[in-house]
Amino acid sequence: MKISFCCTDTKAEPWLAGLRAAFPADHVEQWAPGAAPADYAVVWAPPQQFLDEQPQLKALFNIGAGVDALMKLRLPPQAAVVRLDDAGMSVQMAEYVCHAVIRHFREFDGYEADVKQGTWSYRKPRLRQDFPVGVMGLGVLGERVARALAQFDYPVLGWSRSAKTIAGVQCFSGQAGLDDFLSSTRVLVCLLPLTPDTQDIMNRQTLSRLRPGGYVVNVARGTHLVDEDLIALLDSGHLAGATLDVFRTEPLPAAHPFWKHPLITVTPHTSARTLREESIAQIAGKIAALHAGQPIASLAGVVDPKKGY
Ligand code: NAP
Ligand code: GLV
């Protein structure tokens with residue numbers, strides 16, 4: 001069996017060492033143009049040439065949860081695409097989103113600014129029921145985030161493609177449920193995959209549906225959000241702020257208005273990082289299962305090419 005590693009912007013050596021430790025009798029190598037084809041591949045944003053040189057590939061393992069970059073490429077038709085299934089990301093995402101929501105709700109930014117001025121001040125406590133949090137995307141990450149927010153007694157809503165039942169979360173689904181979901185939400189969290197259906201989903205029309213004083217937390221992909229529409233709604237006062245981890249262009253260009261907007265908090269695509277050891281263990285387990293003859297459908301995280309996630 002041959003495993004090829006082809007990940008841009010990733011230090012290859014520790015991944016190769018981890019995969020070699022999992023498969024000591026097999027051939028694990030970093031891809032170079034013209035290399036012999038592999039049976040399995042571990043990838044992140046691979047070049048098209050890599051994919052074009054893989055006639056016998058059985059599965060491509062993406063070292064992230066989102067496969068949007070991969071789905072834009074011409075994939076070997078016989079190869080399944082498998083994304084990371086949690087692998088330590090959901091707890092990070094729950095931490096990040098709860099932190100952003102709590103920081104906004106409890107006005108910790110305001111307290112921090114007051115304390116820096118040497119001011120001992122009190123703000124009137126806000127009512128939790130006035131801050132319903134709506135999570136778009138109730139998959140591996142979104143469901144964990146919604147459950148974590150519910151632990152803090154926020155009213156929590158969720159929206160997904162198929163109907164769901166999650167304790168403590170009021171669930172909406174499909175286009176038919178979107179309007180009611182948005183109009184009942186004040187803090188909107190995006191955890192959707194990026195697909196043709198979800199691109200630009202946070203725009204002037206949808207964000208205007210949020211309750212007044214709305215807040216946006218985007219931890220999915222930059223292209224879910226129409227930047228100018230967010231800024232216009234912040235400047236008009238309909239929205240109170242945003243925490244953004246992902247951007248249309250990354251790194252966020254130096255001249256982009258998000259950097260300096262007083263109501264926007266920017267983080268550098270770090271809400272849920274790929275954890276190398278956990279990811280290698282997950283991918284190695286799946287390669288071993290496939291190699292032993294298990295059907296691909298028995299694995300978690302197999303991407304449906306028709307849905308694009
Ligand atoms: P997932 O398990 O595939 O969940 C996707 C969720 O979105 C599902 O609930 C799905 O509905 C819903 N959905 C998809 N298309 C929809 C549509 N058109 N309308 C309504 N709902 C729709 O994905 P995940 O593992 O939770 O990851 C979600 C995304 O987070 C990734 O794709 C990635 O872009 C992003 N991410 C970001 C970071 C970061 O550091 N910022 C890290 C990891 C992941 P169904 O349940 O009905 O299918
Ligand atoms: C990160 O953004 C991922 O998709 O894993």
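Colleague: Let me start with a ligand, then: how far is an oxygen atom of ligand 1 from an N or O atom in the side chain of Arg221?
Modeller: The distance is 3.3 Å, and that is a polar contact, meaning a pair of N or O atoms within 3.5 Å, where within protein one atom must be able to donate a hydrogen and the other to accept it, and residues adjacent in sequence count only if both atoms are side-chain atoms. Before we go on, please keep in mind that this is a predicted model, in which local features need pLDDT of at least 70 and side-chain atom pairs count only at pLDDT 80 or more, while totals for chains, interfaces and linings use all residues. Residues are numbered from 1 along each chain as its sequence is written, chains are lettered from A and ligands numbered from 1 in the order in which they are written, and side-chain values use heavy atoms, with hydrogens and water left out.

Colleague: Okay, and which residues come nearest to ligand 1?
Modeller: Arg83, Leu141, Ser162, Lys164 and Tyr309 come nearest, out of 30 residues around ligand 1, where a residue is near a molecule or strand if one of its heavy atoms lies within 4 Å of it. For Ser162, a polar side-chain atom lies 2.5 Å from an oxygen atom of ligand 1, and for Ser271, a polar side-chain atom lies 3.0 Å from a nitrogen atom of ligand 1.

Colleague: How much of ligand 1 does the protein cover?
Modeller: On its own ligand 1 has 940 Å² of accessible area, and the protein covers 92% of it; such areas come from the Shrake-Rupley method with a 1.4 Å probe, and for residues only the protein chains shown count as cover.

Colleague: Which elements give two or more residues to that shell?
Modeller: Those are α4 (89-105), α6 (140-151) and β7 (156-160), and α6 gives the most, with 3 residues. The names follow DSSP runs numbered from the N terminus, with helices being H or I runs of at least four residues and strands being E runs of at least two.

Colleague: And what classes of residue make up the shell around ligand 1?
Modeller: There are 15 nonpolar, 9 polar and 6 charged residues, where Ala, Val, Leu, Ile, Met, Phe, Trp, Tyr, Cys and Pro count as nonpolar, Asp, Glu, Lys and Arg as charged, and the others, Gly among them, as polar.

Colleague: Switching to ligand 2, which residues are around it?
Modeller: Around ligand 2 are Gly64, Ala65, Gly66, Met89, Arg221 and His269. An oxygen atom of ligand 2 is 2.8 Å from a polar backbone atom of Gly66, while polar side-chain atoms lie 2.7 Å from an oxygen atom of ligand 2 in the case of Arg221 and 2.6 Å from an oxygen atom of ligand 2 in the case of His269. Taken alone, ligand 2 exposes 190 Å², of which the protein buries 85%.

Colleague: Now the overall layout: into which domains is the protein chain divided?
Modeller: The chain is divided into domain 1 (2-87 + 274-298) and domain 2 (89-266), with bounds that come from an automatic or database domain assignment. Their centres, taken over C-alpha atoms, are separated by 33 Å, and 12 residues of domain 1 are in contact (heavy atoms within 4.5 Å) with 6 residues of domain 2. Each of the two domains gives at least three residues to the shell around ligand 1.

Colleague: Is Ser90 buried or exposed?
Modeller: Ser90, which lies in helix α4, counts as buried because its relative accessible area is 1%; buried means under 20% relative accessible area, exposed over 50%, and partly exposed in between, with a 1.4 Å probe and protein chains only. The side chain of Ser90 makes a polar contact of 2.7 Å with the side chain of Asp86, and, not counting residues up to four places away in sequence, Ser90 touches Val140, Leu141 and Arg144.

Colleague: What about Asp153, buried or exposed?
Modeller: Asp153 counts as exposed because its relative accessibility is 59%, and its place is in the loop between α6 and β7.
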